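Subject: Structure handover

Dear colleague,

I am passing on the structure below, and my notes on it follow. Please read them with the structure open beside you.

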Amino acid sequence: MYRIIEKQDLTPAITLMKVDAPAIARKAQAGQFIILRLHDQAERIPLTIADYNRDEGTITIVFQIVGKSTEELATLKQGDSILNFAGPLGVPSEIEDYGTVVCIGGGCGVAPIYPITRALHQAGNRVISIVGARCVDMCFFEPEMRSVSDELHVVTDDGTKGRKGLVTDPLEDILKSGSKIDLVIAVGPVPMMSAVAKLTKTYGVKTIVSLNPIMVDGTGMCGCCRVSVGGTTKFACVDGPDFDAHQVDFEELTKRQRTYKKEEQVASEHYHQCACGKE
Ligand code: FES
């Protein structure tokens with residue numbers, strides 16, 4: 001069992017949990033993920049590691065309530081335990097001194113981009129960060145991102161914080177300005193990563209995205225997380241989650257993400273009925 005030693009509501013829909021998992025914390029690196037299971041009847045939830053503390057032996061996860069399982073996870077309190085917590089999984093992000101890098105986090109993707117940004121900053125890069133959210137109430141980790149960035153841009157869809165617009169707006173300004181950008185790395189919703197890839201391709205700037213397709217086992221056996229990259233099939237759980245953004249087939253990924261929409265809705269409705277004692 002893995003004890004939750006801290007719980008924090010970052011926004012009304014986004015929750016942070018610090019979990020006691022010393023064996024994972026010892027090995028975790030930026031860009032990797034864990035898969036958790038609340039109890040023996042629960043589905044597996046893959047979540048990118050938002051932070052780790054080797055001294056404390058903790059792993060921080062940040063998640064948004066998007067369906068039945070994340071809703072159930074959010075009901076846990078500090079002191080409660082999670083049955084299974086497996087990791088670190090996936091290939092760590094490639095961290096080196098590239099020169100100037102732009103780190104982009106959108107929505108819940110701000111959490112996983114944070115340890116990557118920190119590692120790139122520590123490696124000596126000049127880091128320009130862009131964080132995006134729907135509105136001010138969905139913004140989080142701004143101080144954390146500011147502390148590991150040489151420059152930070154905040155955008156919201158409705159303009160309630162920072163600049164009104166999308167993450168691609170400040171990105172386009174930076175690329176247009178002619179400053180030499182050696183690498184762009186983006187984590188967030190698929191449409192956001194796709195838009196970033198499209199833009200940077202026109203400027204010929206190497207871009208990495210961290211993909212979060214549907215996963216089951218997280219060890220390369222089930223094939224659920226397959227993505228087409230450069231015309232070949234890759235498994236995000238063992239070959240990724242980081243891939244060359246200009247090689248990813250985002251159209252196919254978008255379709256695959258919708259595969260279980262109906263089942264997810266049914267599970268969510270059933271969960272609410274049970275929670276209300278109507279079953
Ligand atoms: S999650 Fe099963 S192969 Fe990747």
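I begin inside a sheet, where isoleucine 104 has isoleucine 130, in strand 9, as its bridge partner. Strand 8 (residues 100–106) and strand 9 (residues 126–133) run parallel and are joined by seven bridges; strands here are DSSP runs (E, at least two residues), helices are likewise DSSP runs (H or I, at least four residues), and both are numbered from the N terminus, while two strands count as paired if DSSP finds at least two bridges between them.

Before going further, please note that this is a predicted model, in which local features need pLDDT of at least 70 and side-chain atom pairs count only at pLDDT 80 or more, whereas totals for chains, interfaces and linings use all residues. Residues are numbered from 1 along each chain as its sequence is written, and side-chain values use heavy atoms, with hydrogens and water left out.

The sheet is an open one of seven strands, with mixed pairing and the order 11-10-9-8-12-13-16. Its edges are strand 11 (163–164) and strand 16, each of which pairs on one side only.

Elsewhere, strand 14 (residues 226–229) pairs with strand 15 (residues 232–235) in the antiparallel sense over four bridges, and valine 229 has threonine 232, in strand 15, as its bridge partner. Two residues lie between the strands of this hairpin, in which glycine 230 takes a positive phi near 60°.

As for domains, whose bounds come from an automatic or database domain assignment, the protein is given domain 1 (2–89) and domain 2 (93–210). The contact (heavy atoms within 4.5 Å) takes 16 residues from domain 1 and 15 residues from domain 2. Between them the two domains bury about 1,200 Å², 68% of it on carbon and sulfur atoms, where buried area is the accessible area (1.4 Å probe) that two parts lose on being put together, summed over both.

Finally, the second largest pocket holds about 210 Å³ of space, and of the 18 residues that line this pocket, Pro92, Ser93, Glu94, Ile208 and Asp242 are the closest to its centre. A pocket is an open set of points on a 1 Å grid over the protein atoms alone, where a 1.4 Å probe fits, with protein on both sides within 12 Å along at least five of seven lines, and lining residues have an atom within 4 Å of a point; the volume is the space filled by probe spheres set on the points, which are joined across faces, edges and corners. Strand 16 gives the largest share of the lining, three residues.

Best regards
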